[in-house]
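Q: I have a structure open and some questions about it. Can we go through them one at a time?
A: Go ahead.

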Amino acid sequence: MWTISKLTFKEIISKRIFLITIIMTLVFLALYGTAIYFAGKEGTQVGPNGVQGTETILVQQFISSQLLGVGLYFSSFITALLAILSSVSAISGEVSSHQIDTWLMRPISRAQFVWGKFVGLALIMIAYAVVLFFSIILLHQGIGKEWMELDIQPMQMIKAVSVFVIQPFVLIAFGLLLSTRMTTLNAGIVSIVLYGAAFIGGFIEQFGALIEKAALVNIGVITSLIFPIDSMYRKMTMILFDSIDNPLSLAQGGMFTSVSNPSNVMVWYAVVYGIVVVFLSIYSFKKRDV
Amino acid sequence: MNVIQTNSLTKTYNGKGGISDVTLSVGEGIVYGFLGPNGSGKSTFVRTLLGLLQPTSGEGYILGEPIGTTKSREKVGYLPELFRYPDWLTGKQLLEAHAELCKIPVRQRKKRIEEVVELVGMTGREKGRISGFSKGMSQRIGLACAILNDPKVVFLDEPTSALDPIGRKDVRDLMLYLRDQGKTVFLNSHLLYEVESVCDHVSIVHQGDMIVQGPWRELMMIEAQIEIVTDQPISVPMPTFVTHVEKIKEEEARTRWGIQLENEDDIPKIIQYLSSNGIALYEVKPITPHLEDVFMHWVNQKKESAYVDH
Ligand SMILES: Nc1ncnc2c1ncn2[C@@H]1O[C@H](COP(=O)(O)OP(=O)(O)OP(=O)(O)O)[C@@H](O)[C@H]1O
Ligand SMILES: [Mg+2]
């Protein structure tokens, strides 16, 4: 199994697309840093005559948390896309090129092959997600002027990043499942559409929570159950912006943070979901002709 | 124990194509030819044995282990027909990965890889990336991969499809070398001469059916055929063991004839007969039947027997 994981890992790293991804990520981080820098400079003037009233502080904190939210949201988006793109071809690509024949004729089981692929992909994507997460946090807290810095405890960060990586984890498992049965292109389309649906579901849920409509919230909950992606992002922002000092949680409101708070059960649900999906992939691949 | 054993093994694709009802046993230390035209089901059969395809019905064993299990693939090597290897690896890295999958002890890996690279004539070139390999080089590295784990049985699916004449000879020598080491080689081919020069035992398949199996010489001796060159028309009546005579070519004073005989033993008889009747022979050469002829012979035979059965 580890051999397959190592090969998967090496394959991604050796491809040109990996280099491009790294460069584009650096570009993204540079842009984000620049935006934060200027926002930090300008932002101090918010409020009447620069007077630092309670209201001003609240507004600043709101803006600051939204800026961090934007950075994390796009990080989560990039990670999701990469997770989808790398996993949907993992098996179908090798089947259609017949490369898989020479691996599968070795004394390894189909289950070992699927696990190997999953572990290889998950490790690399989770590593990527963690680096991206901390880069954004560091840029935000470091470059933004004093007023930008949010009160985030190390423990909060660790919790948040653990939830942050659940999304690529689930997406890889899901992409792999589709990849055992569908062509790369079809699997990619299905994954992306579902990802979009989860996003819309999450949006409806937020909106529902805001205007207190249970039906809308339920739609969101159901999408989260079918595809627990967006809820993980929102849970992550909840953990991150749940400031103990601040009675009015920063996460309240805004497009990129969260109104409704997904429960801890939801987090465990997503993890179990991912694992179950890997087992489904194995089952689906076991009897398949290659 | 038979190295390969199948009982009515069948693999069809949604009821169509594939190969049906193959019962065969292959012993140790031989080169076994699996011969058939395009689309006859040769690759399907091998891929089923290796667990890449799920059999539709029947059963098969490799070294006594049921096919589809990981154990059945422990002492097996395989060169696929569509040999595609990850092109971002170097030849050596590919072999290292396979050595790992075959659980070759770390200390022996380096040595074994050097050995097989040498055997397939790739020494010095194995460090290049596979993306930069020519088709022939890829096939050679694939062969190295197939024999890497010192397998007891090697499946080669058209192993010379990308090779030049020297490469073909190398592969033939490799197969004989493996056989002499007591290994079994299962060779898929549609090339008569390839099978002819190395195979001890042959099966002939046609449109998904196993037509016949047996020692190569016996199968090929469906009839004996010779070409002779004389300086005059053959005026004497032909003996009864001659089944067919035809004039192939007339060139100035010489005439070339094709003669079909009942079997090989008739060759000296006909030569003697013609000479004693005063016909001067300028050339006599045996003609190996064309693969198509051998096929058609056995295919017809099979049809006839089917007809008799009913
Ligand atoms: N994946 C598939 N789906 C449907 N039919 C298939 C598939 N693969 C092979 N077949 C059919 O099964 C039959 C046997 O194919 P196979 O590839 O085993 O032949 P082959 O003897 O190896 O031919 P070749 O000499 O061209 O390699 C053919 O009629 C082919 O059309
Ligand atoms: Mg074939």
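Q: What does "buried" mean for a residue?
A: Buried means under 20% relative accessible area, exposed means over 50%, and partly exposed is in between. This is a predicted model, and the words apply to its residues as computed.

Q: Is Arg256(B) buried or exposed, then?
A: Arg256(B) has 18% relative accessibility, so it counts as buried.

Q: Which residue does Arg256(B) form a salt bridge with?
A: The partner is Glu227(B), and the closest N and O atoms are 2.8 Å apart. The pair links distant parts of the chain: Arg256(B) is in strand β13 and Glu227(B) in strand β11 of chain B, 29 residues apart. Glu227(B) is buried too, at 16% relative accessible area.

Q: Where do Lys110(B) and Glu114(B) lie?
A: Both are in helix α3 of chain B, four residues apart, which is about one turn of the helix. Lys110(B) counts as exposed at 56% relative accessibility, and Glu114(B) is partly exposed at 46%.

Q: How many salt bridges does the structure hold over all chains?
A: The structure holds 23.

Q: And how many between chain A and chain B?
A: Three. One of them joins Lys6(A) and Glu100(B), at 3.0 Å from N to O.

Q: What about Asp289(A) and Lys11(B)?
A: Their side chains meet in a salt bridge as well, at 2.5 Å, N to O. Asp289(A) lies in the segment after α12 of chain A and Lys11(B) in strand β1 of chain B, so the pair joins two chains. Asp289(A) is partly exposed at 24% relative accessibility, while Lys11(B) is buried at 6%.

Q: How many residues does each chain bring to the contact?
A: Chain A brings 26 residues and chain B brings 27. The two chains bury about 2,600 Å² between them, 58% of it on carbon and sulfur atoms. On the chain A side, Met105(A), Arg106(A) and Pro107(A) lose the most area to chain B, together 27% of what that side buries.

Q: New topic. Which residues coordinate the magnesium ion?
A: Ser43(B), through OG, and Glu81(B), through OE, coordinate the magnesium ion (ligand 2) at 1.9 to 2.3 Å. Ser43(B) is in helix α1 of chain B and Glu81(B) in the loop between β6 and α2, 38 residues apart.

Q: Are those two buried or exposed?
A: Ser43(B) is buried, with a relative accessible area of 15%. Glu81(B) is partly exposed, at 32%.

Conventions. Residues numbered from 1 in each chain as written. Chains lettered and ligands numbered in written order. Predicted model: local features only at pLDDT ≥ 70, side-chain atom pairs only at ≥ 80, totals over all residues. Heavy atoms only, no water. Donors = N, O, S within 2.8 Å, 3.2 Å for Na, K, Ca; no water. Buried < 20%, exposed > 50% of the residue type's maximum accessible area, 1.4 Å probe, protein only. Contact = heavy atoms within 4.5 Å. Buried area = accessible area lost by both parts, 1.4 Å probe. Salt bridge = Lys/Arg side-chain N within 4 Å of Asp/Glu carboxyl O.
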